[in-house]
Amino acid sequence: MLILMDQGATPEHVGAVMALLEAAGIRAYVQESPAATSILAPHASQVLKADRIEPMDGVNRVVPITSPFKLASADAAPGRTVVDVRGVKIGGRDLALIAGPCGVESREQLFTVARYVAESGTRLLRAGAYKPRTSPYAFQGKGLEALDLLEEVRREFDLGIVTEATEVETFDEVERVADLVQIGARNMQNFALLKRAGRSTKPVLLKRGLSATLEEWLFAAEYVLSEGNRNVILCERGIRTWSAHARNTLDVSVIPAAKALTHLPVIADPSHATGRRDLVIPCARAAVAAGADGIMVETHCQPGQALSDGPQALLPSDFFQLVGQVTGIRDLLLKDHPGATFCF
Ligand code: PEP
Ligand code: MN
């Protein structure tokens, strides 16, 4: 259940409800939001009836959570979650942009891309140090050397770093450097990794699995949330279909469908969704029009030389075009819905 407190509820009122829940052996979390404080007790309904809590001082009302996603469900929070990644708010009014190469290849490559990403006004840089590749013979990422470069580039350009953790064994190293830890599509159901991410102090970007349903994706988020990490962002990155013209199929409809079911922010990655540079900008536009809270794209200073995902990397000029177009679409939507948070 979600216990919504009155606007004037005092810390003592909140404390009394928490004490009652604790005495009944129920795990509960206090959630602060600009509107009011709430207490989330995902499994309380099995033990306590709402009419035991509703008459308590400072309690406004009790909302049952009937969804199987006890923490990710839209009922589990008083409003949409906004995740703060080094000052960039994801899930609020502004469209969040994340951009960079698929992988860290060299100091020169990383710094060149970071320079124009920063110039575009984008504040979050993506680049993999550990790459989950289909072939064991393909470029696997530069590991620790890449993480050191990411630390350096963050200092140089004041960018937040988004980078992937591919296994529990190297999670600590990635967590140390990342401002947002990515869990890739191939690991969406790596439950040990999800649990480790759930114990992290860093926000988590959870990509949708290669052929995962919306329900499977939300249960994966639930693994992270239920370990205590409440800063989860979902990322649609295309799913496997029979279409041969593109690497994957961007599931545009899952963006509003996910936002109807969960309070978590939902962003889109049109680079892995299409695998083709010429399709990335149109699909990014579609995702933003569908209500995505942000866009993550791959861009490279010399896509022809890239060690991974060159064909989908935007050239610097394409990237600037993308930034202009997607922010323009977002502004248009905001004009039609002043004050809106983007849940369509
Ligand atoms: C990536 O972002 O570089 C990546 C490997 O993505 P995905 O897990 O979506 O394939
Ligand atoms: Mn890639």
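Biologist: Into which domains is the protein divided?

Modeller: In this predicted model, the protein is divided into domain 1, residues 2–64, and domain 2, residues 83–336.

Biologist: How far apart do the centres of domain 1 and domain 2 lie?

Modeller: Their C-alpha centres are 35 Å apart.

Biologist: Let us turn to the metal. Which residues are the protein donors of the manganese ion?

Modeller: The manganese ion, ligand 2, has Cys102 (SG), His272 (NE2), Glu298 (OE) and Asp309 (OD) as its protein donors.

Biologist: How are the donor residues spaced in sequence?

Modeller: The pattern is C-x169-H-x25-E-x10-D. Cys102 and Asp309 link distant parts of the chain, being 207 residues apart. Cys102 is in the loop between strand S7 (96–100) and helix H3 (107–119), while Asp309 is in the loop between strand S14 (294–298) and helix H11 (316–336).

Biologist: Cys102 and Asp309, then: buried or exposed?

Modeller: Both Cys102 and Asp309 are buried. For Asp309 the relative accessible area is 15%, and the residue counts as buried because that value is under 20%.

Biologist: And what is phi of Asp309?

Modeller: Phi of Asp309 is near 55°, which is a positive value in a residue other than glycine.

Biologist: Where else is there a positive phi in a residue that is not a glycine?

Modeller: Arg86 has one, of about 45°. That residue lies in the loop between strand S5 (83–85) and strand S6 (88–90). Arg86 counts as partly exposed, at 35% relative accessibility.

Biologist: Back to H3. What should its 13 residues span, and what do the end atoms show?

Modeller: At 1.5 Å a residue, H3 should span 18 Å. The C-alpha atoms at its ends are 18 Å apart, so the two values agree.

Biologist: Which residues in H3 are buried?

Modeller: Gln109, Leu110, Phe111, Val113, Ala114, Tyr116 and Val117 are buried.

Biologist: What do the buried residues of H3 pack against?

Modeller: They pack against S7, strand S8 (124–126), helix H4 (143–157) and H11.

Biologist: Which residue follows H3 with a positive phi?

Modeller: Gly121 follows the helix, and its phi is near 95°.

Biologist: Now the rings. How many aromatic pairs does the structure hold?

Modeller: There are five aromatic pairs. One of them is formed by Phe319 and Phe320 and is edge-to-face. The ring centres are 6.0 Å apart, with 70° between the planes.

Biologist: Phe319 and Phe320: what are their relative accessible areas?

Modeller: Phe319 has a relative accessible area of 1% and is buried. Phe320 has 36% and is partly exposed.

Biologist: Where does the charged end of Arg107 sit?

Modeller: The charged end of Arg107 sits over the ring of Phe111, 4.3 Å from the ring centre. In another such arrangement, the charged end of Arg230 sits over the ring of Tyr29, at 4.6 Å from its centre.

Biologist: A change of topic: where is the place of Gly92?

Modeller: Gly92 is in the loop between S6 and S7. With 13% relative accessibility, Gly92 counts as buried.

Biologist: What is Gly92 in contact with, leaving aside its neighbours within four places in sequence?

Modeller: Gly92 is in contact with Val82, Asp293 and Arg330. Lys70 is 22 residues from Gly92 in sequence, and their C-alpha atoms are 22 Å apart in space.

Biologist: What about Pro338, buried or exposed?

Modeller: Pro338 is exposed, with a relative accessible area of 68%. This proline is in the segment after H11. The C-alpha atoms of Pro338 and Arg93 are separated by 9.7 Å, although the two residues are 245 residues apart along the chain.

Biologist: Last one: where does Ser243 lie?

Modeller: Ser243 lies in the loop between strand S12 (232–236) and helix H8 (254–261). Ser243 is partly exposed, with a relative accessible area of 27%. Ser243 and Val62 are 181 residues apart along the chain, and their C-alpha atoms are separated by 47 Å.

Notes
Residues numbered from 1 in each chain as written. Chains lettered and ligands numbered in written order. Predicted model: local features only at pLDDT ≥ 70, side-chain atom pairs only at ≥ 80, totals over all residues. Heavy atoms only, no water. Domains from an automatic or database assignment. Donors = N, O, S within 2.8 Å, 3.2 Å for Na, K, Ca; no water. Helix = DSSP H or I, 4+ residues; strand = E, 2+ residues; numbered from the N terminus. Buried < 20%, exposed > 50% of the residue type's maximum accessible area, 1.4 Å probe, protein only. Expected span 1.5 Å × (residues − 1). Contact = heavy atoms within 4.5 Å. Phe/Tyr/Trp six-rings, centres within 6.5 Å; stacked < 30°, edge-to-face > 60°. Lys NZ or Arg CZ within 6 Å of the ring centre and 35° of its normal.
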